[in-house]
Amino acid sequence: PPDVETLGNATWTLLHTTAAYYPEKPAPSQRESMKSFIESFAQHYPCWFCKNDFQQSMAVEPVQVESREKLSQWLCRRHNEVNVKLNKPVFDCTKVFERWLNGPPS
Ligand code: FAD
């Protein structure tokens with residue numbers, strides 16, 4: 001089975017960074033491809049219990065691709081749901097760009 005922790009950390013890094021560099025004003029085609037990317041990701045993530053919960057969460061709150069801010073905040077909320085489930089600290093979503101766009105923590 002996959003190493004759920006290493007996989008998770010690497011995956012959140014990819015997802016949050018991708019959201020932080022997503023356009024502030026995405027073109028319709030960019031919105032469409034991002035929606036497809038996230039929905040496909042949710043179908044293929046190789047941790048079945050993670051994937052099931054993520055799909056359920058997306059059914060309750062569909063992915064928001066209208067802007068960099070919307071996508072980043074949507075993703076931050078999804079990650080916080082997992083943090084709560086795992087008893088990890090909840091992340092302050094006002095700090096997503098500080099963490100993922102402006103640079104890693106020192
Ligand atoms: P991570 O949670 O991987 O976080 C990495 C870094 O992201 C943190 O150091 C912090 O700087 C930053 N961060 C933390 N929270 C946020 C946030 N809300 N927004 C933005 N940045 C943030 N593991 C399970 O055991 N069960 C599951 O059901 C499960 N579901 C998952 C679902 C998905 C879609 C993914 C990608 C991962 C899932 N994981 C799950 C893995 C889990 O979330 C962690 O990645 C793993 O436990 C390693 O944790 P970590 O301490 O390295 O920090």
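These notebook entries record what I looked up in the predicted model.

**Entry 1. Ground rules**

I worked with a predicted model, in which local features need pLDDT of at least 70 and side-chain atom pairs count only at pLDDT 80 or more, while totals for chains, interfaces and linings use all residues. Residues are numbered from 1 along each chain as its sequence is written, and side-chain values use heavy atoms, with hydrogens and water left out.

**Entry 2. The ligand and its shell**

I began by listing the residues around the ligand. There are 22 of them, the closest being Asn9, Trp12, His79, Lys85 and Arg99; a residue is near a molecule if one of its heavy atoms lies within 4 Å of it.

I then sorted this shell by class and found eleven nonpolar, seven polar and four charged residues. In this scheme Ala, Val, Leu, Ile, Met, Phe, Trp, Tyr, Cys and Pro count as nonpolar, Asp, Glu, Lys and Arg as charged, and the others, Gly among them, as polar.

Next I looked at the N and O atoms. An oxygen atom of the ligand lies 2.7 Å from an N or O atom in the side chain of Asn9, and an oxygen atom of the ligand is 2.8 Å from such an atom in the side chain of His79. For Asn83, a nitrogen atom of the ligand is 3.0 Å from an N or O atom in the side chain. The protein covers 84% of the 960 Å² of accessible area that the ligand has on its own; accessible areas come from the Shrake-Rupley method with a 1.4 Å probe, and for residues only the protein chains shown count as cover.

I also noted which elements give two or more residues to the shell: helix 1 (4–20), helix 3 (48–60), helix 4 (68–85) and helix 5 (96–100). Helix 1 supplies the largest share, seven residues. Helices (H or I, at least four residues) are DSSP runs, numbered from the N terminus.

I looked up Asn80, which lies in helix 4. Asn80 has a relative accessible area of 11% and is therefore buried (buried means under 20%, exposed over 50%, partly exposed in between, with a 1.4 Å probe and protein chains only). Its side chain is joined to that of Asn83 by a polar contact of 3.1 Å. A polar contact is a pair of N or O atoms within 3.5 Å; within protein, one must be able to donate a hydrogen and the other to accept it, and residues adjacent in sequence count only if both atoms are side-chain atoms.

Asn87 sits in the loop between helix 4 and helix 5. I noted its positive phi of about 60°, although Asn87 is not a glycine. Most residues other than glycine have a negative phi. Asn87 counts as exposed because its relative accessibility is 72%.

Pro28 belongs to helix 2 (residues 28–44) and is exposed, with a relative accessible area of 63%. Its C-alpha atom is separated by 8.9 Å from that of Glu66, 38 residues apart along the chain. Gln30 also lies in helix 2 and is partly exposed at 34%. The C-alpha atoms of Gln30 and Val65, 35 residues apart along the chain, are 8.6 Å apart.

Finally, I turned to Gln55 in helix 3. Gln55 counts as partly exposed at 27% relative accessibility.
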